[in-house]
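Here's a quick tour for anyone opening this structure for the first time. Have the sequence and the 3D view side by side, and let's walk through the charges and the backbone.

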Amino acid sequence: DACTTFRENFDSPIVEGDITQEEVKAEIMRLAQGHKVDIIIGGPPCQGFSTSGKLMPDDPRNKLFLEFWKIVKELLPSMVVIENVKGIVNGRNKAADSVINKFNEIGYRMEMRVLKATDYGVAQHRERAIFIGTLSGNPIILPEPTHSPEQYVTVADAIGDLVGHDCSPSLSHEPARHNPSTVERMKRLDEGESMYNRRDSARKLIWDKPSFTIKDNHGNAAIHPVESRTITARELARLQSFPDSFNFSLVPKKSQFRQIGNAVPPLLSYNIAQATIRSLDLIEGEN
């Protein structure tokens with residue numbers, strides 16, 4: 001489903017397969033042949049690093065960055081970017097140190113920062129650990145915040161114009177239909193309050209502040225602050241800073257929520273990209 005969405009929105013090659021399989025890595029290498037590879041970007045699965053559940057240092061999914069590392073070692077791009085959850089820096093698993101040390105072995109200078117999405121115009125309190133590495137100690141430029149707290153984008157800014165909007169499957173805006181008792185419970189909730197007394201489940205958004213961190217959770221992690229219902233996939237996409245032109249509608253709603261909720265907010269990605277472009281310009285200038 002993720003590849004279906006990618007193909008709908010981008011006109012570039014995509015390899016669909018298990019990166020641990022040699023034939024899949026070989027296809028990636030084939031596509032790279034004849035090209036100067038400036039940068040390789042990856043985001044390994046992060047369940048074992050997440051602070052929202054149990055920390056699992058021995059989780060095999062934590063090892064997938066090694067598959068990424070093998071491709072970097074083979075192609076030796078000028079720069080490397082890795083994205084992960086904030087929990088990767090937790091002292092109980094030392095995962096961040098392991099990532100940095102592994103890239104040091106093949107000549108990369110690595111820096112890691114925890115970035116706040118709200119600082120880059122995203123209407124959501126979401127933090128991500130970003131590793132940026134350059135080959136042979138070349139300069140690293142990190143993204144500077146574009147928004148101060150008084151400039152943060154609010155839930156109202158992001159989704160206010162969708163209040164009362166007609167159902168639109170092509171826009172991925174299909175409000176859920178709840179039974180009357182659930183609607184009444186939602187109406188009685190204060191903003192920021194959860195239906196189930198759990199911080200990260202079925203909470204009502206606060207209209208005039210950025211959203212709390214949204215998880216995929218089939219949309220049930222967030223209740224609309226004005227309309228008594230859970231938010232739609234498009235509203236979730238807006239809170240992640242996806243433009244309305246980005247089409248998720250070719251896959252089931254469950255998959256739309258998963259893709260949007262697990263994504264790095266595009267505006268955060270954009271600012272990281274701008275910083276890496278400036279770093280690449282410095283590298284080219286030195287060479």
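A salt bridge here is a side-chain nitrogen of Lys or Arg within 4 Å of a carboxyl oxygen of Asp or Glu. With that in hand, one thing to look up is the network of salt bridges that links Glu22, Lys25, Glu67 and Lys70. Keep in mind that this is a predicted model. By the salt-bridge rule, the count comes to 16, and a few of them are picked out below.

**Inside the network**

- Take glutamate 22 and lysine 25: their side chains meet in a salt bridge, at 3.3 Å from N to O.
- Why do glutamate 22 and lysine 25 sit about one helical turn from each other? They are three residues apart in helix H2, which covers residues 22-32.
- Is lysine 25 buried or exposed? Lysine 25 counts as buried, at 8% relative accessibility, because the cut-off for buried is under 20%.
- Glutamate 22, on the other hand, is exposed, with a relative accessible area of 54%.

**Salt bridges across the chain**

- Glutamate 127 forms a salt bridge with lysine 86, and their closest N and O atoms are 3.0 Å apart.
- That pair links distant parts of the chain, 41 residues apart: glutamate 127 is in strand E4 (residues 127-135), while lysine 86 is in the loop between strand E2 (79-85) and helix H4 (95-104).
- Aspartate 161 and arginine 238 give another example, with side chains meeting in a salt bridge at 2.8 Å, N to O.
- Here too distant parts of the chain are linked, this time 77 residues apart: aspartate 161 is in the loop between H5 and H6, and arginine 238 is in helix H7 (residues 233-239).
- Aspartate 161 is exposed, with a relative accessible area of 55%, whereas arginine 238 is buried, with 15%.

**A patch of negative charge**

- Which residues form a negative surface patch? They are Asp190, Glu191, Glu193 and Asp208.
- One of them, glutamate 191, is in the loop between helix H6 (180-188) and strand E5 (203-204).
- Glutamate 191 is partly exposed, with a relative accessible area of 39%.

- Serine 172 is a case in point, with a phi near 65°.
- You'll find serine 172 in the loop between helix H5 (155-159) and H6, where serine 172 is buried, with a relative accessible area of 2%.
- The side chain of serine 172 also has a partner: a polar contact of 2.7 Å joins serine 172 to the side chain of glutamine 256.
- Serine 241 has a positive phi as well, of about 80°, although serine 241 is not a glycine.
- Where is serine 241 found? Serine 241 is in the loop between H7 and helix H8 (253-261), and serine 241 is buried, with a relative accessible area of 15%.

**A buried alanine**

- Alanine 117 is found in the loop between strand E3 (108-116) and E4.
- At 0% relative accessibility, alanine 117 counts as buried.
- The C-alpha atoms of alanine 117 and proline 145 are separated by 9.1 Å, with the two residues 28 apart along the chain.

Conventions. Residues are numbered from 1 along each chain as its sequence is written. This is a predicted model: local features need pLDDT of at least 70, side-chain atom pairs count only at pLDDT 80 or more; totals for chains, interfaces and linings use all residues. Side-chain values use heavy atoms; hydrogens and water are left out. Patches are made of residues with over 30% relative accessible area and no salt bridge: like charges are joined within 9 Å, nonpolar side chains (Val, Leu, Ile, Met, Phe, Trp, Tyr) within 5 Å. Accessible areas come from the Shrake-Rupley method with a 1.4 Å probe; for residues, only the protein chains shown count as cover. Lys and Arg count as positive and Asp and Glu as negative; His and the chain ends are not counted. The place of a charge is taken as NZ of Lys, CZ of Arg, CG of Asp or CD of Glu. Helices (H or I, at least four residues) and strands (E, at least two) are DSSP runs, numbered from the N terminus. Buried means under 20% relative accessible area, exposed over 50%, partly exposed in between (1.4 Å probe, protein chains only). A polar contact is a pair of N or O atoms within 3.5 Å; within protein, one must be able to donate a hydrogen and the other to accept it, and residues adjacent in sequence count only if both atoms are side-chain atoms.
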